[in-house]
Amino acid sequence: MPSIANPQIAAAEPSTSTRPAVEVVALTKEFLRRDNRSGRFSRRERVAALKDVTFSIAQGECIAILGQNGSGKSTLVRLLATLLLHDGGEARIFGHDVFSDPRAVRRLVNRVSVEASFFKKMSSAENLGYAARFYGMTARETRARIPQILSRVGFPADRRNESMENLSRGMQQKVALARALLTSPVLLLLDEPTTGLDPRSKLEVQEFVRELRAAHDVTILLCTHDLAEAESLAERIGILHRGELLFLGPVEDLRRRYGAETLEEAFFAATGRSFEEEDPDETDGG
Amino acid sequence: MRTPTALAVRSELVGLSGIVERNMYLVKRYVWWEIAFFVWTIANTLTIVFIAEGVEASGGRLDVNRQTTVLLIGAVIWAYLGLIFEILTETVAWERWEGTIEYTFMAPLSRTIHLGGMGIFAVAYGVARAALLFGSIAFFFNLEMPRADYGAALVVLAVASVSFIGIGIMTAVLPLISPEKGTQLGFIAQGLLLVVSGIYYSVEILPEPMQWLSTISPATYALEGIREAILEGAGVGSLGHDLWPLLLIGALSIPVGLFVFRIGERHAKRHGKLKRSG
């Protein structure tokens with residue numbers, strides 16, 4: 001596996017290794033939502049997407065957050081990725097305040113989301129090339145590294161110059177993983193990275209995440225719909241429901257607390273809803 | 001051993017090169033769009049430039065060669081400014097359409113460098129296209145410009161471009177605030193800028209309030225300066241009355257543009273608009 005050492009990250013890293021990788025305290029986010037039931041002159045009301053969420057992640061740990069659509073998972077990821085401003089509480093990544101020191105945080109974090117998100121006419125090599133420049137990596141530095149990383153995620157060498165629009169979802173997601181790895185993040189935010197993938201691609205992505213953790217000290221926050229994926233990849237599992245973090249702990253503790261035999265039963269017991277149901281109060285910002 | 005400041009500066013410059021590199025890839029990959037747009041621009045320019053010959057054919061008395069050149073300069077500056085505004089507005093709009101906006105805005109690249117890179121590419125690409133457009137139409141009409149000082153005209157265009165980038169940055173924020181209407185509002189800003197700037201006529205014919213607006217529009221000085229350089233052969237030394245206002249507007253418009261964009265970005269982050277679907 002290629003080295004992930006990067007001088008930009010070394011410069012932004014804190015000196016102490018005992019500090020949690022992620023510290024979130026009473027984090028709150030609200031969005032304005034129009035009440036469509038009130039007719040043409042409807043008023044906007046504030047709807048909470050996250051309510052006093054508190055947790056921490058140790059360096060090198062992987063936690064999975066489970067929740068229905070609209071539960072606040074993506075809002076949490078987007079807050080930590082510096083794409084949203086909060087309405088209360090605080091969030092720190094390796095000691096850097098996410099909201100007052102976003103540029104230091106950005107050097108440490110990358111993200112893989114449910115949509116691969118690339119310039120579709122450009123090839124994988126071109127997309128990775130320009131993205132690496134944004135993290136201070138020159139063309140000379142990425143010339144050897146991009147083929148190495150693409151090969152590492154199982155992307156065929158003969159398709160590197162093909163437009164992204166001609167690639168399958170699974171292939172695109174592999175390039176998304178390669179993009180995140182290329183920038184050497186110490187915190188990886190995985191927002192439903194395997195949703196919509198075929199079973200084989202899903203297993204390949206999950207295996208790659210395992211290898212990444214084994215080889216490097218990467219901290220991972222995984223938001224997923226896939227209960228089996230959460231159980232197999234994460235040390236601790238959290239349940240986010242209507243913006244509230246109801247539980248965060250090892251899967252055995254979760255089952256014990258709710259007297260459930262399976263994770264699905266525990267989720268139902270905690271939220272009173274089945275996992276596939278969508279939250280009717282979904283907010284539009286997250 | 002590089003100092004942290006030197007590393008940071010190097011990183012920003014590499015990031016700037018990444019913005020330019022990405023736009024070059026996009027031009028290459030959408031080359032048929034570019035060709036089609038350029039052909040449309042030529043056709044549009046011809047419809048304007050033929051006006052001088054049309055006036056003469058209908059009995060009007062005018063110096064056709066001079067008036068055709070005046071109209072051509074106006075049309076070329078319109079096309080140039082349109083391209084700069086389009087590229088800068090795409091900073092947000094195109095990225096939202098492609099779905100890359102979140103990845104670009106969470107990269108550790110300062111917004112100044114991000115927008116500066118877009119501006120530099122827009123100017124370089126815009127100048128190349130404007131020169132090609134001007135040359136093609138001038139050749140088509142066999143226009144004679146014996147006194148033209150093309151170097152001075154390019155200097156005026158380069159200085160004016162700083163102001164255009166600053167105003168373009170202000171309009172680039174519109175799709176961030178209003179995903180549905182932002183791009184169209186950018187076109188309105190571009191149109192208003194040109195209507196008060198004497199694009200195909202002298203600003204003296206405008207109503208008084210519009211004449212006042214023309215004094216704060218950089219396009220007014222750009223058009224005057226370029227016309228003087230090409231029609232009268234005015235050198236850089238004698239174009240100070242156009243260059244000084246352009247320098248002043250440029251020095252103000254870039255920081256104001258960045259300030260406006262920063263406010264817009266905060267608004268988008270506060271209300272969850274910094275995302276692919278708007």
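Q: How many bridges join β7(A) to β8(A)?
A: This is a predicted model, in which local features need pLDDT of at least 70 and side-chain atom pairs pLDDT 80 or more, while totals for chains, interfaces and linings use all residues. Residues count from 1 along each chain as written, and chains are lettered from A and ligands numbered from 1 in written order. Strand β7 of chain A covers residues 187-191, and β8 of chain A covers residues 219-224; strands are DSSP E runs of at least two residues, helices H or I runs of at least four, numbered from the N terminus. The two strands run parallel, and the number of bridges joining them is five.

Q: Which residue of β8(A) stands opposite A:Asp191?
A: Look across from A:Asp191 into β8(A). The residue there is A:Cys223.

Q: Which are the edge strands of the six-stranded sheet in chain A?
A: This open sheet has mixed pairing and the order β6-β7-β8-β3-β9-β10. Two strands pair if DSSP finds at least two bridges between them. An edge strand pairs on one side only, and that holds for β6 (109-112) and β10 (244-249) of chain A.

Q: By how much are neighbouring strands of this sheet turned against each other on average?
A: Direction is ignored for this value. The average turn is 15 degrees.

Q: Which strands of the sheet does α10(A) touch?
A: Helix α9(A), residues 251-258, packs on the sheet against β9 and β10 of chain A. Its direction makes about 120 degrees with that of β10(A). Helix α10(A), residues 263-271, also packs on the sheet, at about 40 degrees to β9(A). The strands that α10(A) touches are β3, β9 and β10 of chain A.

Q: How are α6(B) and α10(B) oriented to each other?
A: Helix α6(B) (150-172) and helix α10(B) (218-232) have axes 8 Å apart. Their contact (C-beta atoms within 7 Å, placed from the backbone) includes B:Val156 and B:Phe164 of α6(B), and B:Tyr221 and B:Ile226 of α10(B). The packing angle is about 175 degrees, taken between N-to-C directions from 0 to 180 degrees, with axes fitted to C-alpha atoms over the stretch in contact. That makes the pair roughly antiparallel (over 145 degrees).

Q: How far apart are the end C-alpha atoms of α1(B)?
A: Helix α1(B) has 26 residues, 4-29. At 1.5 Å a residue (times one less than the residue number), it should span 38 Å. The model agrees, because the end C-alpha atoms are apart by 37 Å.

Q: Which element of chain A gives the most to the side that touches chain B?
A: The contact takes 34 residues from chain A and 31 residues from chain B. On the side of chain A, α1 (7-12), β1 (22-34), α3 (102-108) and α4 (124-134) each supply at least two residues. The most, six residues, comes from α4(A).

Notes:
Two residues are in contact if their C-beta atoms, placed from the backbone, lie within 7 Å. Angles under 35 degrees count as roughly parallel, over 145 as roughly antiparallel, 65 to 115 as roughly perpendicular and the rest as oblique.
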